[in-house]
Amino acid sequence: KAVGYVRSTAVLRTFLALGMPWSALYLAVVIPRCIRDFVYRTVAKHRLAVFGTNGGECALPDSVTRRRIGRALPAGLVD
């Protein structure tokens, strides 16, 4: 049976899957979900002000990286 997680629980489960030292953050699961989700929503709301943006541009992989992952760029895009 597949299980889905949302908001703070999804983040904590991701940390758990990453292994140490990140999995230690899973201990925050003891904090009530309503508080964790409030913090999650607050960070999500202000993430661009805190972390900034990349100017709206998506980085394209160089030819070496494309070869490593086995994908080509769509026609019309250049390095």
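Which residues does S8 touch, not counting residues up to four places away in sequence?

## S8 and its contacts

S8 touches R33, R36, D37 and Y40, once residues up to four places away in sequence are left out. The model is a predicted one. S8 lies in helix 1, and its relative accessibility is 6%, so the residue counts as buried, the cut-off being under 20%. Computed along the sequence, 32 residues separate S8 from Y40; in space, their C-alpha atoms are 5.8 Å apart.

R7 is also placed in helix 1. The phi of R7 is near 50 degrees, a positive value in a residue that is not glycine. Most residues other than glycine have a negative phi. R7 has 40% relative accessibility and therefore counts as partly exposed, the class between 20% and 50%.

## Overall layout

The chain contains 3 helices and 0 strands. Read from the N terminus, the order of its elements is α-α-α. The chain has 79 residues, of which 9% count as buried.

The accessible surface of the chain is about 6,900 Å². Carbon and sulfur atoms account for 63% of this area. Among contacts in the chain with a separation of 6 or more, 31% are between residues 24 or more positions apart.

## The loop between helix 1 and helix 2

Helix 1 covers residues 7–18, and helix 2 covers residues 33–51. P21 is placed in the loop between these two helices. The peptide bond leading from M20 to P21 is cis, and its omega is near 5 degrees. Most peptide bonds are trans.

S23 belongs to the loop as well. The relative accessible area of S23 is 15%, which means that this residue is buried. With residues up to four places away in sequence set aside, S23 touches F15 and L16.

## The aromatic pair

The structure has 1 aromatic pair. Its rings are those of F15 and W22, with centres 5.7 Å apart and planes at 15 degrees; the pair is therefore stacked, because planes under 30 degrees apart fall in that class.

Are the two partners buried or partly exposed? F15, at 22% relative accessibility, counts as partly exposed. W22 is also partly exposed, and its relative accessible area is 46%.

Where is helix 2 kinked? The kink is centred on K45 and amounts to about 50 degrees. Just after the helix comes G52, which takes a positive phi of about 80 degrees.

V29, V30, I31, I35, F38, V39, V43, V50 and F51 make a nonpolar surface patch of about 880 Å². One of these residues, V39, is placed in helix 2. V39 has 46% relative accessibility, so this residue counts as partly exposed. In an α-helix there are 3.6 residues a turn, so residues three or four places apart point the same way.

Methods: Residues are numbered from 1 along each chain as its sequence is written. This is a predicted model: local features need pLDDT of at least 70, side-chain atom pairs count only at pLDDT 80 or more; totals for chains, interfaces and linings use all residues. Side-chain values use heavy atoms; hydrogens and water are left out. Rings of Phe, Tyr and Trp (its six-membered ring) pair if their centres lie within 6.5 Å; planes under 30 degrees apart count as stacked, over 60 as edge-to-face and the rest as tilted. Buried means under 20% relative accessible area, exposed over 50%, partly exposed in between (1.4 Å probe, protein chains only). Patches are made of residues with over 30% relative accessible area and no salt bridge: like charges are joined within 9 Å, nonpolar side chains (Val, Leu, Ile, Met, Phe, Trp, Tyr) within 5 Å. Accessible areas come from the Shrake-Rupley method with a 1.4 Å probe; for residues, only the protein chains shown count as cover. A salt bridge is a side-chain nitrogen of Lys or Arg within 4 Å of a carboxyl oxygen of Asp or Glu. Helices (H or I, at least four residues) and strands (E, at least two) are DSSP runs, numbered from the N terminus. The bend at a residue is the angle between axes fitted to the seven residues ending there and the seven starting there. Contact means heavy atoms within 4.5 Å.
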